[in-house]
Amino acid sequence: MAIAALGAAAQEQTSSTATLSRGPRTRPGQQTEASAPGVSLRMQSQSEASRPDASLKYMRVIYRELDLAEEDANAPLYFPEDLVDGNENLFRIMFRLLAQNKVPAYEYLDGREDFSEANRAKMADIINRFDILATPAKGFSEKNPVYDIEPVDVPTNEVLAYFIIERWEFDNRTNKMRTTVEAIAPVIVRDDASAIAGKTPMFWMKMSDLKPYLQAQYIFTDDDNNLASHTYDDFFTLNLYKGNIYKTRNLRNRTLAQMAKEDPDTLKALQDSIQHRLDHYADNLWVPSREELQKAREAAEANPGDSTNIPVEVLPVRSTRSRSERASTRSRETKKPKARAAKKPKSTPSPSTPSSSASRSVRNRRK
């Protein structure tokens, strides 16, 4: 009986230890990542998702103004002013989607943009701020604020500019710079006699929300070809617009006009310098050749006042080759093939002067 009791106890102890799982070994006072207080698996996944893409080497956010009145390249955004054969210009599409509560808009903050639900713009506030006639539509409610707006009441002729946010990224995998328009804001331009003088941004809209609707509207971008072969989405994806940079994302959140202290020449130099660095970032990753240095030096001497003609040697040059590759290249350039020494012609002994070998052979000849 005692032996049977001991066997049963041993079997029970074995089964209980088999159900136990050994955790990670930690020192006293040390916590693992999973057991950190206040950190859940969801927080960890969100933190990993917010990390920058490893394939990106460079990223910069640019704020640009698109003038519809002075720049012909931006005319497809303004025309047609009125509805023509069911075609709408960009602002009519944006305002119609906002009135129908299909695409959200966000407040234009005088500072850093925040596209969160807390800063979502209300259609009623926009209507009252810009004196636009609108009536609540069928099915209107606080959760679904939809409005009916007559086409003649849409202030299309006053929207003469747009602000856009560009994202410039350099991808290591393709060695190319790509540009993406992240958000767009219509700007109303009114004279001093109106209630709102000067340029007044109305709201921000994210291009990712507008993209499905912009892909459905075809436009023509060339006076020589009246075939509408591009969409509004193509217009921004292919960077067919033109505009001046008025701000870049910076720590102090200052515009270029504030950095230039309202000096037009300094402002123009800053804009050209930023655009030049964006356009030639990929070129500056490679060591320039002697011919490129000479061309850049000649261009800078020909136009000393042009900030875009910056000599290549003063730009930040970085080589993507490894140290061993650069060393082998330098050794191949410095190593020169040695010239072979010319062979001396063999001197033939004269008949009167016998050679030493011949004399030795004569002396050692057997008699």
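**A first walk through the model**

Modeller: Let's start at Arg64, which lies in strand β1, residues 56-67. Keep in mind that this is a predicted model.

Biologist: Is Arg64 buried or exposed?
Modeller: Arg64 is buried, because its relative accessible area is 6% and buried means under 20%.

Biologist: Which backbone oxygen does the Arg64 side chain reach?
Modeller: That of Gly243, at 2.9 Å.

Biologist: What else is Arg64 in contact with, leaving aside its neighbours within four places in sequence?
Modeller: Its contacts include Tyr162, Phe163, Ile164, Glu166 and Trp168. Tyr241, Asn244, Ile245, Tyr246 and Gln275 are also among them.

Biologist: Let's zoom out. How many helices and strands are there in the protein chain?
Modeller: There are 11 helices and 10 strands. The chain has 367 residues, and 29% of them count as buried.

Biologist: And what is the accessible surface of the chain?
Modeller: About 25800 Å². Carbon and sulfur atoms hold 51% of that.

Biologist: What share of the contacts with a separation of 6 or more comes from residues 24 or more positions apart?
Modeller: That share is 61% in the protein chain.

Biologist: On to the rings. How many aromatic pairs turn up?
Modeller: A search of the whole structure gives 14. Take Tyr108 and Trp204: their ring centres are 5.4 Å apart and their planes are at 20 degrees, so this pair is stacked.

Biologist: Where do those two sit in the chain?
Modeller: Tyr108 is in the loop between α3 (90-99) and α4 (123-129). Trp204 is in the loop between β6 (198-201) and β7 (205-206). They are 96 residues apart, and the pair links distant parts of the chain.

Biologist: Which is buried and which is partly exposed?
Modeller: Trp204 counts as buried, at 0% relative accessibility. Tyr108 counts as partly exposed, at 26%.

Biologist: Which residues do ring pairs link into a cluster?
Modeller: Tyr63, Tyr106, Tyr108, Phe115, Phe163, Trp204 and Tyr246.

Biologist: What sits over the ring of Tyr63?
Modeller: The charged end of Lys247, 4.8 Å from the ring centre.

Biologist: New topic: how many salt bridges does the count come to?
Modeller: It comes to 14. One of them joins Arg92 and Asp82, with the closest N and O atoms 3.6 Å apart. Arg92 is in helix α3, while Asp82 is in the loop between β1 and α3, 10 residues apart. Arg92 is buried, with a relative accessible area of 8%.

Biologist: What does Glu107 form a salt bridge with?
Modeller: With Arg129, and the closest N and O atoms are 3.6 Å apart. Glu107 lies in the loop between α3 and α4 and Arg129 in helix α4, so this bridge ties together parts 22 residues apart in sequence. Glu107 is partly exposed, at 22% relative accessible area. Arg129 is partly exposed too, at 37%.

Biologist: Which residues are linked in a network of salt bridges?
Modeller: Arg167, Glu169, Asp171, Arg173, Arg178 and Glu182. Within it, Arg178 bridges to Glu169, with the closest N and O atoms 3.0 Å apart.

Biologist: Buried or partly exposed, those two?
Modeller: Glu169 is buried, with a relative accessible area of 9%. Arg178 is partly exposed, at 32%.

Conventions
Residues are numbered from 1 along each chain as its sequence is written. This is a predicted model: local features need pLDDT of at least 70, side-chain atom pairs count only at pLDDT 80 or more; totals for chains, interfaces and linings use all residues. Side-chain values use heavy atoms; hydrogens and water are left out. Rings of Phe, Tyr and Trp (its six-membered ring) pair if their centres lie within 6.5 Å; planes under 30 degrees apart count as stacked, over 60 as edge-to-face and the rest as tilted. Helices (H or I, at least four residues) and strands (E, at least two) are DSSP runs, numbered from the N terminus. Buried means under 20% relative accessible area, exposed over 50%, partly exposed in between (1.4 Å probe, protein chains only). A charge sits over a ring if NZ of Lys or CZ of Arg is within 6 Å of the ring centre and within 35 degrees of the ring normal. Contact means heavy atoms within 4.5 Å. Accessible areas come from the Shrake-Rupley method with a 1.4 Å probe; for residues, only the protein chains shown count as cover. A polar contact is a pair of N or O atoms within 3.5 Å; within protein, one must be able to donate a hydrogen and the other to accept it, and residues adjacent in sequence count only if both atoms are side-chain atoms. A salt bridge is a side-chain nitrogen of Lys or Arg within 4 Å of a carboxyl oxygen of Asp or Glu.
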